Amino acid sequence: MQPAREFNFDGLVGPSHNYAGLSFGNVASFSNVKSASNPREAALQGLAKMRALAARGFAQAVMPPQARPNFRLLRSIGFTGTDADVLARAYRESPVILACAYSASPMWTANAATVSPSADTLDGRVHFTAANLNNKLHRAMEHEQACRTLRAIFSDAGHFAVHDALPSTPAFGDEGAANHTRFAARHGERGVELFVYGRVEFDPSAPAPKKYPARQTLEASQAIARLHGLHAERTVFASQNPDVIDQGVFHNDVIAVGNGNVLFYHEQAFADEAAVLAQLRAAMAGVGAELHAVRVDTGLVSVADAVSSYLFNSQLLSKPDGSMALVVPHECAENEAVSRYLQALVAGAGPVNELIDFDLRQSMRNGGGPACLRLRVALTDAEAAAMHQGVVMTEALYASLVAWVGKHYRDRIEPKDLADPQLAIECSTALQDLERILGLPGLYDLA
């Protein structure tokens, strides 16, 4: 066992951040469709969170945004001419597709990939599999740049393996770390990996939602476990409760979160709660650890309250003294039931004894909270030294990025602005500047 730290790679909100309501099944996203967004405020809110956590001693890094608009997508479906021609025609004939090409959804880095640390894998390397996100057009194009970015940051093949996305078919629907949790006594020790799925492609009798789509399949989760070389006895596959998917729980991280040996979850999270807990406890015993399950009863917090406040889309972070802090969005304080529950939680004798509250309203309105914004990567000292250092959050990087946002970001985007060719130029110029700031030349294909 080698000591390891968990780095949180937070997605830097891109300059095209807008509310298009493209994610059917995501209640917050749908409820704010076509309202005006504030990209500058969104990026600054995310950066403030990264800076504050880094200042607290948590390992924090930045995941850069993706290039938008995606002209390759628009040209591949018949929009031709100059860039300005493409934008004008797309806005006139299919504004929804134009919004897909402009989506800033890569900010939710939890969906970028699934990560298995070296302590869990057969070859002793950190493994990443980029998520294909094939359930939604605006996200299905993300995996190419996600792979490119991950390979730029984690380029040392002696320490890291970055796998291409799974085949982009319904059978292998994969939404990344939003449906994956790792448990271990310490980040550097052998752990147990939990994959949560909403649908089984090859078993029509398996539980499935009726209203909203299940985005993660069992087959995808099993494939990732094979690619990463995970041990069968330390890997658990669990069916998400289809009823909560139909209540707006589009990813498992909207209804459960884990860290260390703690699972913080709603009683309705899983199709078979008792079976999931039994499997996790048995697997944890195999690595010499004991699962600590923190169950939230429906009588205390309803599913509706959990979804509206994003209580479970929070970050559980290990502190040096062995206790944990829960990073929550400000909306949790505004929901009476959730606020009351959280005050009792931190006052109790359990592992969570601190709340850290952030204003992430721009992200929340588009359907993502603190946990959506970050990808968790447990790294040994050698692995941390081997990754690209230009993305690690420092005071100097924070200052550079704040200035960069102030220079390049608009403070208001409405749906009609997506037809403005100047916005596309601004986005491209911003990313060229970002390559320099992060020390990642050629990160984007901006030709």
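Leu133 lies in the loop between S4 and helix H6 (137-140); helices (H or I, at least four residues) and strands (E, at least two) are DSSP runs, numbered from the N terminus. The model is predicted, so that local features need pLDDT of at least 70 and side-chain atom pairs count only at pLDDT 80 or more, while totals for chains, interfaces and linings use all residues. Residues are numbered from 1 along each chain as its sequence is written, and side-chain values use heavy atoms, with hydrogens and water left out.

Although not a glycine, Leu133 has a positive phi of about 50°. Leu133 counts as buried because its relative accessibility is 1%, where buried means under 20% relative accessible area, exposed over 50%, and partly exposed in between (1.4 Å probe, protein chains only).

Strand S4 (residues 126-130) is largely enclosed by the rest of the structure, because five of its five residues are buried. In a regular strand the side chains alternate between the two faces of the sheet. On one side of S4, Val126, Phe128 and Ala130 are buried, as are His127 and Thr129 on the other. S4 pairs with strand S3 (residues 113-116) in the antiparallel sense over four bridges, two strands being paired if DSSP finds at least two bridges between them. Phe128 is the bridge partner of Val115. With strand S5 (residues 160-163), S4 pairs in the parallel sense over four bridges, and His127 stands opposite Ala161.

Tyr310, in the loop between helix H11 (303-309) and strand S12 (315-318), is not a glycine but has a positive phi of about 55°. At 2% relative accessibility, Tyr310 is also buried.
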